[in-house]
Amino acid sequence: MALHVPKAPGVSQMLKDGVRYFSGLEEAVYRNITACKQFAQSVRTAYGPNGMNKMVINHLEKLFVTSDAATIIKELDVEHPAAKLLVLASEMQEAEVGDGTNFVIIFAGSLLEAAEELLRLGITTSEIVEGYEIALEKALEELPKLVVHEAKDHKDIEQIKAGIKTSIMSKQYGKEDFITELVCKACTSILPANASNIKTTFAVDNVRVCKILGSGLHSSQVVQGMVFKRQVEGELTKVLNAKIAVYTCAVDITQTETKGTVLIKSADELMNFSRGEESLLESQIKAIADSGATVVVSGGKFGDMALYYVNKYNMMAVRIPSKFDLRRLCKAIGATALPKLIQPSKEELGYADTVHVDELGDTNVVVFQLHGQESRISTVIVRGSTDNYMDDIERAIDDGVNTFKAITRDGRFLPGAGATEIELASRISAFADTIPGLEQYAVRKFSTALEVFPKTLSENSGTQAQELLSKLYAAHKEGKVNHGFDIESTGVATIVDAEKAGILDLYLTKLWAIKYAVNAACTILKIDQIIMAKRAGGPKPRAGKANSDDES
């Protein structure tokens, strides 16, 4: 009879072999908090205008050099389940506002660090969670009272520039004025003249970025319409007042659905057969030309014969293999993409003021350009010395466009440079004294956790964090509620009026970031057991050419 060894009593006896099980404060809660603290510390040094870049090499060995937290966490494959919750909260912030991803992770990490101290003092997780939720309500109640600026006219560049500049400054310090100008021009130029609801008419996808190596950032420009890094297929390289026919299929002799066999007995029959195909293709191209089209855009290839007839009827031929770019082009020029090579109607033709080939650096581009308010899509042409540098500029532009989108929803702004966080911290700290239960300790720790932002800005700039906090609290006690950290101070921490300095943070960014950070921290604190099932699948293959015949 086989010897049966019973499993140890507990949860593990109910589960399969290979399951990992952790429970209690030491094994589950503190372990989760430690992982989240380390994760928050890693992205904390990238916060603010003086934040350091991270070099991330993803699983495909693609290199990223950036201080953008959204990109860092997207390319890192975070395994720890608790840290994964912070990543999900940060991704929700990216989807909701498009900025403030680092804020969520740093604040949630700071809240968990404060909670660890309270747990070691004997306060239960339920009391800490309740205290954090009370403090969150108070923070959301006080936040609208700190608003210092509101952008009401979304077409007034000066009004929106103040808000967009700060979000770009945190990624590209020193170049923010030029990039803000590009973003404001690109966003305002595609707003319809008489739109009743800009919230629904403006889409982030309507501002494209085209990166072209060479020159410098200050050679970047905004084009009304679309720019493609391609060469035209035919001979014609410029068309004015272009009427554009767009096809998703190839412009070539149509292949039959079933295979057919043709028996040809003489040279005359061969000539007549090929002439029949040619005349059919010519009639199709002629029909397109007769509709008034002067540019033919195809998602497939142009056959040699088709290209001959396109040139014969004096039309420009452009190939765009990406279906997403084809869809955006149709939106920009007001065309309908046709699935078959048929004559387009007047309603299906698109329009552009000019379609021409240009050369930027040593790169050929095709430009579909519109003037005035007719353009529905604008393109920012970014110039730079390396691909990594241009990628980082693109992320800054993306943050700026997302901020503009958020401004169309709510144009209110709060003072930046850590001023809002310190004012909230002082008000929540005073509010904690009015709470009778043990929750007051958690509320007070919530206010302490908010101090992490001016401290991080100070540390990343090389100044004394404690000295800065004492100066900020003193200024806010005197009623200077808009005073924050002066990022340009060297050696000694100095403070500045954020409103007058033009350092403004979007109200929606702060609102959602605080909500998501607190929700993520409370969710992690409520976990008391971790049960990890055995991974499916067999052994992992060895790195390198394990299955190669040449393996020694």
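Start at the largest pocket, which holds about 550 Å³ of space; a pocket here is an open set of points on a 1 Å grid over the protein atoms alone, where a 1.4 Å probe fits, with protein on both sides within 12 Å along at least five of seven lines. The volume is the space filled by probe spheres set on the points, which are joined across faces, edges and corners.

This is a predicted model, in which local features need pLDDT of at least 70 and side-chain atom pairs pLDDT 80 or more, while totals for chains, interfaces and linings use all residues. Residues are numbered from 1 along each chain as its sequence is written, and side-chain values use heavy atoms, without hydrogens and water.

The lining divides into 14 charged residues (Asp, Glu, Lys, Arg), eight nonpolar (Ala, Val, Leu, Ile, Met, Phe, Trp, Tyr, Cys, Pro) and three polar (the others, Gly among them).

Next, colour helix 2 (69-75), helix 3 (81-96), strand 5 (207-213) and helix 12 (387-409), each supplying at least two lining residues. Helices (H or I, at least four residues) and strands (E, at least two) are DSSP runs, numbered from the N terminus. Helix 12 contributes the most, with seven residues.

Then move to helix 15 (residues 452-461) and helix 16 (residues 465-477), whose axes lie 9 Å apart at an angle of about 135°. Axes are lines fitted to C-alpha atoms over the stretch in contact, and angles run from 0 to 180 degrees between N-to-C directions. Show Pro454, Lys455, Ser458 and Glu459 of helix 15 with Ala465, Gln466, Leu468, Leu469 and Leu472 of helix 16, which make the contact (heavy atoms within 4.5 Å).

Key. 1 Å grid on protein atoms, 1.4 Å probe; cavity = no way out; pocket = protein on both sides within 12 Å on 5 of 7 lines; lining within 4 Å.
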